[in-house]
Amino acid sequence: AKMAAAASDLLTGWCLFGLALLAILIFCWVYVRKYQSRRESEVISTITAIFALAVALITSALLPVDIFLVSYMKNQNGTFKVWADANVSRQIEDTVLYGYYTLYSIILFCVFLWIPFVYFYYEEKEDDDGNTCSQVKTALKYTLGFITICAVLLLIGAFVPLDIPNKKNSTEWEKVKLLFEEFGSSHGLTALSFSISSLTVIGMLAAITYTAYGMSALPLNLIKGTTSAAYERLENTEGIEEVEQHLLRIKSKCRDGRPLSSRDRRTLKQLEERLRTLRRRERHLESIEKSWWTKFCEAIRPLKIVWGVFFIIVALLFTVSLFLSNLDKALHSAGFDSGFIILGTNLTNPLNMLLPILQRVFPLDYILITTIVMYFIFTSMAGIRNMGIWFFWIRLYKIRRGKTRPQALLFLCMILLLIVLHTSYMIYSLAPQYVMYGSQKYLVQAAFVATYNQLGDTFRSLLYVILFPFTLDQCIVTRTYLFLHKFWFFSAAYYFGNWAFIAVFLIGLIVSCCKGKKSIIEGEVDDDDSDMSDDELSVYYH
């Protein structure tokens, strides 16, 4: 009966996993098709973008699964469940660990090989006329640089161990031999971890740039809404009449055959371009005003405000928790050389208080942690969409509905892959003990619970440090935590990155509050658009 129940649970789990995977693939297909340009869409770039986006979402969903599995193996009294013996626990840990290694290896493959190759292939396709062989060769040549960077990172991670015995009598050959022995004992997994940690630092910079801004801009945009299409059409019509009158005044200067001055010619050209843009805006606004989608959005306007309020509450909870966690590390950690790692929490943050309360009702704590992870991903997507893709002060691409170039979609997916790598550390910063152990309890806690409740905060922290070695033996650490603290210098970089994230979020919040309502077609019509691009948006709205 127990085996039948276990088999039924396993089948149910696989069915849920299949449905979740199907839902992720459908979302990725809809998202990519929503933003990609109809005129410039390519099969390979579309498949690559959908695949990379799906990998990002699946990887982000692995953290809640990891926490659930280590928690599910223990009872509420701190004892392991009957089926969770040493072998079963080890198999579950290995399965999750191999899942991380598989997804992280796929991310390395996408970031350093597949996405760069497809990107450079289409860059060459625009410059070359139909010579596929030449395009492939040039793309491989540029991609080789990314492969070289990946190989260097793997070699550094494989052959630069963290702890080298300092033996003065050891020869150079013995030191080299030690490096290879450590590489063999870890099976190259440390090399993969170092490469992923290096990419996580880049993901941290992307999160500071895009996610921090998206967390402030997305909720406020939902609350404030957009301007009315009818009102914008009225303003646009007035703008067209004003430009046409200005054009007539300039053209009247040459009615008697006199040529226009160079200044008037430049002004005439600028006004004609401005008039074309305003007429395109007029067509778009007319199309949007008649669209059923616009009417639907107006009908659910109250729901958008509710979602905006909910998102801003989550953002503030996220930021306050991150600030208190970082402040705790600044005051109570061993400092820079330890990567600002602390055992336990001395300053309780709202998320650390909320999760233990939600643990009493299954599965509220997992719903909350999944919500935070998904919120982190979707605000990143919103930040990239609103800001576009930048290289320092140079704007490379815009992310626009129905007009995004294939290269821009590839950039968006690569940035999301890097941000997802940083998500685990951000969640760990918010709730370190929960990310390490989930809802597990250890037996020694029951013996001291009465005394523990009567102690002050200082003595509780001291008791935690004394009992921490016992928890390592009695509780199972999540595989995520093992990835986070292999290299102390990366942990130190993440610590400073958290402060930068908080600062950018506050700046973005102030800027978003000061800005007025967005135009209903903001970003859809630009001066450099062609008239053919009008057909793409009209297809989308109809």
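Reply: Here is a short walk through the structure, one topic at a time.

Me: Great, what should I know before I start?

Reply: This is a predicted model, where local features need pLDDT of at least 70, side-chain atom pairs count only at pLDDT 80 or more, and totals for chains, interfaces and linings use all residues. Residues are numbered from 1 along each chain as its sequence is written, and side-chain values use heavy atoms, with hydrogens and water left out.

Me: How many helices and strands are in the protein?

Reply: The protein has 19 helices and two strands. Both are DSSP runs numbered from the N terminus: helices are H or I with at least four residues, strands are E with at least two.

Me: And what percentage of the residues is buried?

Reply: Buried residues are 45% of the 542 in the protein. Buried means under 20% relative accessible area, exposed means over 50%, and partly exposed is in between (1.4 Å probe, protein chains only).

Me: Which side chain meets Arg281 in a salt bridge?

Reply: Glu232 does, at 3.2 Å from N to O. Arg281 sits in helix 8 (residues 262-290) and Glu232 in helix 7 (residues 229-251), so this pair links distant parts of the chain, 49 residues apart. Glu232 is buried, at 6% relative accessibility.

Me: What about Glu282, which residue does it form a salt bridge with?

Reply: Glu282 pairs with Arg233, and their closest N and O atoms are 3.0 Å apart. Glu282 is in helix 8 and Arg233 in helix 7, so parts 49 residues apart in sequence are tied together. Glu282 is buried at 16% relative accessible area, while Arg233 is partly exposed at 23%.

Me: And the salt bridge of Arg279, which residue is the partner there?

Reply: The partner is Glu244, with the closest N and O atoms 2.9 Å apart. This pair also joins helix 8, which holds Arg279, to helix 7, which holds Glu244, across 35 residues of sequence. Arg279 is partly exposed at 39%, and so is Glu244 at 30%.

Me: Switching topic: which residues make the nonpolar surface patch?

Reply: Val43, Ile44, Ile47, Phe109 and Trp114 make it, covering about 480 Å². Patch members have over 30% relative accessible area and no salt bridge; like charges are joined within 9 Å, and nonpolar side chains (Val, Leu, Ile, Met, Phe, Trp, Tyr) within 5 Å. The areas come from the Shrake-Rupley method with a 1.4 Å probe, and for residues only the protein chains shown count as cover.

Me: Which helix gives the largest share of that patch?

Reply: Helix 2 does, with three residues. Helix 2 (43-72) and helix 3 (86-127) each supply at least two. Phe109 lies in helix 3 and is partly exposed at 38%.

Me: Last one: at what angle do helix 10 and helix 13 cross?

Reply: The axes of helix 10 (residues 301-332) and helix 13 (residues 406-430) cross at roughly 75° and come within 8 Å. Axes are lines fitted to C-alpha atoms, for helices over the stretch in contact, and angles run from 0 to 180 degrees between N-to-C directions.

Note on methods:
A salt bridge is a side-chain nitrogen of Lys or Arg within 4 Å of a carboxyl oxygen of Asp or Glu.
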